[in-house]
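Please read these notes with the model open beside you. They begin at the ligand and then move to the strands.

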Amino acid sequence: MYFGKEREKGSERVPPNQVVTKKWPVLHHGNVPYYKNMDQWTLRLFGSVEEEVILSYEDLLNLPQTSLKNDVHCVTGWSKLDNEWEGIATREIMKKVKLASTANYVLIHAEEGWTTNLPLEDFLKESSLLAHTHNGETLTPEHGFPLRAVIPHLYFWKSAKWVRGIEFMAINKPGFWERNGYHMLGRPWKEERFSWD
Ligand SMILES: Nc1nc2c(c(=O)[nH]1)N[C@H]1C(S)=C(S)[C@@H](COP(=O)(O)O)O[C@H]1N2
Ligand SMILES: [Mo]
C-alpha cells in the first residue's frame, strides 16, 4: 500500500517518536554567553593525553574546515532535518593532541561547567564536528557561538553548545544530563533516552 510505504520510508530517516520541526528551538540549561571579542577564549584538550593543548579561536579557524549535512534529534521529541554545518572535524582536532593509550571516552566541557560524555569512537565519527556556522550563518549566541559540538548520530543533548574543553578519559564519567538520568550513549534509533531505557 502506498501510504504504508511512505511511512516506512519516513521511519528510516526520522527516529521513532520524533516530530519534524522547521523551526529551530533553543534549548539549554544555564545562561547564554555573549562574546564581544575572542582574545580570551581558549579550547583546552586535556585528560588522558601526553601533553595538554590550548588552542585559540584563531588556531581553530586556521585548521582545515569541513562542511557536513545532517539531521538532529532532540530527546524531547523534535527533529530538525537538513542542517548544514561548517567547522572543524573532530578527527582534525586530534592531529593537535597525542592521546594516552588509556583514552576511551570523552567529556565535552562547556561554559558554566556544563558537560556531556560519550565514547571516543562516537566523538571521532566522520560525521562529528565542532561547528561555528549553521546553514551559511555564523552561529548565534543562543545556538552555541563561538563553537558547538555536532554529534548527529546521538540525541542532540550530546551536541554541547559553547564548548571550552575536551577531556579524554579512561572511564566513562557521566556529564550534566547523564548524572540526572539521561542515557550514557543516547542513540535515537534505539530510543536510548534515559538510563533505564
Ligand atoms: N552547553 C550546553 N550545551 C547544550 C545544552 C546545554 O544545556 N548546555 N543542551 C543540549 C540540548 S538538550 C539540546 S536539545 C541542544 C539544543 O541546541 P539548540 O538550542 O541549538 O537547538 O543543545 C545541547 N547542548
Ligand atoms: Mo535536548
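1. Start with Arg148: one of its polar side-chain atoms lies 2.6 Å from an oxygen atom of ligand 1. Lys161 also reaches the ligand, with a polar side-chain atom 2.5 Å from an oxygen atom of ligand 1. Leu27 uses its backbone instead: a polar atom there is 2.9 Å from a ligand oxygen. A polar contact here is a pair of N or O atoms within 3.5 Å; within protein, one must be able to donate a hydrogen and the other to accept it, and residues adjacent in sequence count only if both atoms are side-chain atoms.

2. How much of ligand 1 does the protein bury? Taken alone, ligand 1 exposes 530 Å², and the protein buries 97% of that. Areas come from the Shrake-Rupley method with a 1.4 Å probe; for residues, only the protein chains shown count as cover.

3. A word on the source. This is a predicted model, where local features need pLDDT of at least 70 and side-chain atom pairs count only at pLDDT 80 or more, while totals for chains, interfaces and linings use all residues. Residues are numbered from 1 along each chain as its sequence is written, chains are lettered from A and ligands numbered from 1 in the order written, and side-chain values use heavy atoms, without hydrogens and water.

4. Now the surroundings. Ligand 1 has 18 residues around it, and the closest are Pro25, His29, His143, Arg148 and Lys161. To count, a residue needs a heavy atom within 4 Å.

5. Turn to the open sheet. Its five strands have the order S3-S2-S11-S6-S7, with mixed pairing. Strands are DSSP runs (E, at least two residues), numbered from the N terminus. Two strands pair if DSSP finds at least two bridges between them. Strand S3 (53-56) and strand S7 (115-119) are the edges, each pairing on one side only.

6. Look at S2, residues 42-47. Four bridges join S2 to S3, and the two run antiparallel. They form a hairpin with five residues between them. Leu45 stands opposite Val53, and Leu43 stands opposite Leu55. S2 also pairs with strand S11 (residues 163-169), in the parallel sense, over four bridges. There, Arg44 has Gly165 as its bridge partner.

7. Check one more hairpin. Strand S4 (residues 66-73) and strand S5 (residues 78-89) pair in the antiparallel sense over seven bridges. Ser67 faces Glu86 across this pair. Four residues lie between the strands, and Gly77 takes a positive phi near 115 degrees.
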